Amino acid sequence: MSLPAALTTSLARPLTPGGRERRSALAPLLAAQWESAPDAVEARALETLGHDGTLLISGQQAGLALGTFLLLSKCTALLALADRVEAAGQPRPLTVFWLEGNDHDWREAASPGRPLPEGWNAPVPAGAEGRSVSRIQPDATWWEAQREALAPLLESLAEPLGALLRTTLRGSLVKHTRRLLRGLFAGSGLLVLDPADPALRALVAPFAQRLQEHAASLISDLRARTVELQRLGRRTPVDVDERPPWFTEDEAGRRRRAEPGERVPVERFSPNVLTRPLLQDWLLEPAAALLGPSELAYTAQVETARARLELPHPLPLARPTVQLIRRADHAKLRAAGLDPWSPPQPGSPWPEDLLLGLAGGP
């Protein structure tokens with residue numbers, strides 16, 4: 001089946017009664033996560049969420065000043081996909097961006113999208129070690145220091161992006177990123193969701209309990225599927241051992257991997273990258289998911305587990321690959337007879353004299 005035909009088939013799949021109920025319950029929780037009222041297009045999307053409208057999903061960890069720009073490229077690609085569906089004469093799908101506040105990799109989240117002088121990286125706030133990014137609340141002094149350090153980046157960006165970035169540098173990294181995405185994509189209907197929100201955790205409590213009840217068979221499925229993929233030469237980025245594929249959080253928000261046989265209170269349950277797509281499919285029943293290379297590999301690893309849990313199977317779509325370069329480097333590439341839109345592929349060497357001439361080259 002061709003990709004357009006497969007997408008059309010996925011878009012035609014109706015919501016289950018349970019999916020419709022869960023989406024209806026999610027709509028007010030989403031609106032409550034935002035610091036300002038929904039715009040007109042967001043309001044219509046929230047109203048439609050509990051109906052039979054189709055849905056497309058993507059996601060990424062929060063990022064300081066757009067992080068590695070995957071946030072921007074994924075959101076843009078997600079909305080472009082919705083545009084194409086609408087242009088083909090079908091109802092416009094809803095678009096949801098899963099802003100992963102449960103992640104506890106502070107170093108990745110606090111890395112800006114471009115290198116700054118002297119290898120600068122945002123310092124870890126006091127008490128942040130081991131806590132999920134959503135739970136870390138840097139104070140005003142910390143944010144002021146980052147605003148000063150980010151000045152070269154902010155000044156290099158076109159308006160209104162630079163101004164928007166300056167006004168969103170406050171609160172947690174998740175809140176900063178959510179404000180930024182809502183500002184950048186205002187009027188698009190993009191719904192930004194933080195799964196670490198306590199109210200949302202309460203909504204997904206039945207699924208967290210269900211996963212724990214089926215822990216033994218789930219681990220067995222993940223192990224067997226991972227071995228099968230490895231035998232086929234496929235990438236399997238997540239090792240599967242005897243421990244459940246989720247975390248538990250203590251009262252301070254520090255995460256640790258759950259132990260075999262441990263029952264995690266649902267308010268402290270936090271999925272890992274293998275159980276996250278299962279939770280997303282249960283909660284949202286998306287028609288398609290826009291995924292990066294690692295996410296596509298995670299999705300393949302959970303295929304058997306998804307079938308056992310009788311979850312819908314969204315169509316996995318690879319996100320476009322984006323590489324940002326400076327105008328000066330663009331000119332150097334042209335002068336060397338290379339097309340910046342088609343750089344050498346992995347394994348093909350760059351001309352040594354060009355590498356020496358590029359900023360940061362060997």
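**Entry 1: a hairpin and its neighbour**

I began with Thr248, which stands opposite Arg256 in β5. I took helices and strands as DSSP runs (H or I over at least four residues for helices, E over at least two for strands), numbered from the N terminus. This is a predicted model, in which local features need pLDDT of at least 70 and side-chain atom pairs count only at pLDDT 80 or more, while totals for chains, interfaces and linings use all residues. Residues are numbered from 1 along each chain as its sequence is written, and side-chain values use heavy atoms, with hydrogens and water left out.

Two strands pair here if DSSP finds at least two bridges between them. Five residues lie between the strands of this hairpin, and Gly253 takes a positive phi near 90°.

β4 (residues 246-249) is also joined to β6 (residues 269-271) by three bridges, and these two run antiparallel. I noted Pro271 in β6 as the bridge partner of Trp246.

Which residues of β4 lie on each side? Trp246 and Thr248 are on one side, Phe247 and Glu249 on the other, and all are buried, so both faces of the strand are covered. Buried means under 20% relative accessible area, exposed means over 50%, and partly exposed is in between (1.4 Å probe, protein chains only). In a regular strand the side chains alternate between the two faces of the sheet.

**Entry 2: the protein as a whole**

I counted 17 helices and eight strands in the protein. Of the 362 residues, 49% are buried. Among contacts with a separation of 6 or more, 72% come from residues 24 or more positions apart; a contact means heavy atoms within 4.5 Å.

**Entry 3: the five-stranded sheet**

I traced an open sheet of five strands in the order β3-β2-β1-β7-β8, with parallel pairing. β3 (191-193) and β8 are the edge strands, each pairing on one side only. On average, neighbouring strands of this sheet are turned by 25° against each other, direction ignored. For angles, axes are lines fitted to C-alpha atoms, for helices over the stretch in contact, and values run from 0 to 180 degrees between N-to-C directions.

β7 and β8 run parallel and are joined by four bridges. Ala288 stands opposite Leu315 in β8.

I looked for helices on this sheet. α1 packs on it, touching β1, β7 and β8, and its direction makes about 135° with that of β8. α4 packs on the sheet too, touching β1, β2, β7 and β8, at about 175° to the direction of β1.

In α1 (residues 3-11) I picked out Ser10. Not counting residues up to four places away in sequence, Ser10 touches Ala287 and Leu315. Ser10 counts as buried because its relative accessibility is 10%.

Most residues other than glycine have a negative phi, and most peptide bonds are trans. I looked up two residues with a positive value.

Glu285 has phi near 50° and sits in the loop between α13 and β7. Is Glu285 buried or exposed? It is buried, with a relative accessible area of 9%.

Glu310 has a positive phi of about 55° and lies in the loop between α15 (303-308) and β8. Glu310 is exposed, with a relative accessible area of 70%.

Ala128 is in the loop between α5 (106-109) and α6 (140-149). At 4% relative accessibility, Ala128 counts as buried. Ala128 and His104 are 24 residues apart in sequence, with their C-alpha atoms 9.1 Å apart in space.

**Entry 4: the second largest pocket**

I used a 1 Å grid over the protein atoms alone: a pocket is an open set of points where a 1.4 Å probe fits, with protein on both sides within 12 Å along at least five of seven lines, and lining residues have an atom within 4 Å of a point. Grid points are joined across faces, edges and corners, and the volume is the space filled by probe spheres set on them.

The second largest pocket holds about 720 Å³ of space. Its lining has 38 residues, of which Asp103, Val273, Arg276, Glu295 and Tyr298 lie nearest the centre. Elements that each supply at least two lining residues include β1 (55-61), α4 (70-87), α13 (276-284) and β7 (288-291).

How many lining residues fall in each class? There are 15 nonpolar, 11 polar and 12 charged. Ala, Val, Leu, Ile, Met, Phe, Trp, Tyr, Cys and Pro count as nonpolar, Asp, Glu, Lys and Arg as charged, and the others, Gly among them, as polar.
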